[in-house]
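The following paragraphs go through a few sites in one structure. Please keep the sequence and the model in view while reading.

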Amino acid sequence: MNQITGKTRICGIIGDPVEHSMSPVMHNAAFEALGLDYVYLPFRVRGEELKGAINGIRALNIVGLNVTIPHKMAVMPFLDKLDPLAERMGVVNTIASENGELTGYNTDAPGFLQALRAQGIEPDGKSIVMIGAGGAAKGISFILAGAGASLVILNRTLSRAEELASQIAQYYHRKIAAMTLNEANLKRAFEEADVLVNTTSVGMVPDVDRTPVPGKLLNSHLAVSDIVYNPLETRLLREAKAAGARTIDGLDMLVWQGALAFEKWTGQKAPFEIMKQAALKALRNEK
Ligand code: NAP
């Protein structure tokens with residue numbers, strides 16, 4: 001790592017917990033590669049300390065922070081400005097400070113879109129089946145609808161899928177359907193689908209033998225994206241590959257959200273491959 005001096009600029013991540021975050025290794029590798037005098041630190045912040053932590057950005061002249069669970073929504077009232085996309089989604093994962101004025105952004109959802117486009121998948125005019133209706137699903141569904149896709153949202157708890165569908169419909173005039181996650185509904189949804197996105201935690205360590213979609217329903221016409229990145233190849237992606245489908249793993253979304261935050265803080269193009277290699281190394285070390 002670069003030597004820390006009196007001029008070193010500080011970025012970091014707030015969350016609770018933050019111990020497993022891969023953002024410090026990704027960002028510090030990027031700063032080092034570009035010879036930038038910046039450092040990225042993890043800060044465990046409890047809910048009751050959130051307001052103080054945000055005021056601390058101004059007090060300590062911190063350049064920017066990532067925000068992770070459980071603060072992505074709670075942080076919003078403490079900021080000076082919200083980027084229109086973050087405001088619409090109601091989720092902030094990146095804060096940038098300009099002379100103490102704090103702006104909240106969402107780079108998770110644009111990171112997901114960037115990961116899709118990097119694989120040559122353009123959502124405009126596509127029919128996308130999204131599994132899940134939790135925090136990550138919200139940003140992803142908004143960005144996909146905004147990019148011109150129609151959506152079928154399947155969730156274990158139907159009411160959450162319905163609520164998300166109606167939130168999207170307030171902003172985007174697209175075909176949006178909500179269904180309970182089960183085999184019959186998946187089969188129906190796949191009749192017209194171009195892309196399948198899993199936004200649930202099903203298949204994540206330690207439950208690596210689970211999948212949100214029975215493998216027999218997958219086919220070679222689908223592109224299949226799983227935002228779970230641990231393991232890198234989930235059972236869903238393994239079975240999608242076996243069915244001849246194109247696959248996109250969750251690591252690219254993670255690295256792209258970091259790259260977009262990096263660019264806001266430094267004004268420089270992020271070294272995506274270096275950040276990805278650092279994240280991969282950290283993932284392997286976790287095992
Ligand atoms: P969340 O808000 O807690 O939502 C969890 C979702 O998973 C809900 O839709 C929930 O359904 C569903 N779910 C959980 N257990 C299930 C089960 N056994 N069967 C069926 N559905 C189940 O979580 P989140 O923040 O959205 O995160 C979801 C996953 O995305 C996590 O694995 C996280 O690591 C990953 N993620 C990855 C990235 C990335 O950069 N790659 C970014 C963000 C999140 P109900 O509504 O019925 O409970």
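Accessible areas come from the Shrake-Rupley method with a 1.4 Å probe, and for residues only the protein chains shown count as cover. The model is predicted: local features need pLDDT of at least 70 and side-chain atom pairs count only at pLDDT 80 or more, while totals for chains, interfaces and linings use all residues. Residues are numbered from 1 along each chain as its sequence is written, and side-chain values use heavy atoms, with hydrogens and water left out.

Met204, Val205 and Val208 make a nonpolar surface patch of about 210 Å². Val208 sits in the loop between β10 (195-198) and β11 (223-226); strands (E, at least two residues) and helices (H or I, at least four) are DSSP runs, numbered from the N terminus. Val208 counts as partly exposed because its relative accessibility is 31%, where buried means under 20%, exposed over 50% and partly exposed in between.

Ser166 belongs to helix α6 (residues 158-171). With 40% relative accessibility, Ser166 is also partly exposed. A polar atom of the Ser166 side chain lies 3.1 Å from the backbone oxygen of Glu163. Ile176 is 10 residues from Ser166 in sequence, and their C-alpha atoms are 8.3 Å apart.

Asn28, in helix α1 (residues 23-34), is buried because its relative accessible area is 11%. A polar atom of its side chain lies 2.9 Å from the backbone nitrogen of Tyr40.

Technical notes:
Buried means under 20% relative accessible area, exposed over 50%, partly exposed in between (1.4 Å probe, protein chains only). A polar contact is a pair of N or O atoms within 3.5 Å; within protein, one must be able to donate a hydrogen and the other to accept it, and residues adjacent in sequence count only if both atoms are side-chain atoms. Patches are made of residues with over 30% relative accessible area and no salt bridge: like charges are joined within 9 Å, nonpolar side chains (Val, Leu, Ile, Met, Phe, Trp, Tyr) within 5 Å. A salt bridge is a side-chain nitrogen of Lys or Arg within 4 Å of a carboxyl oxygen of Asp or Glu.
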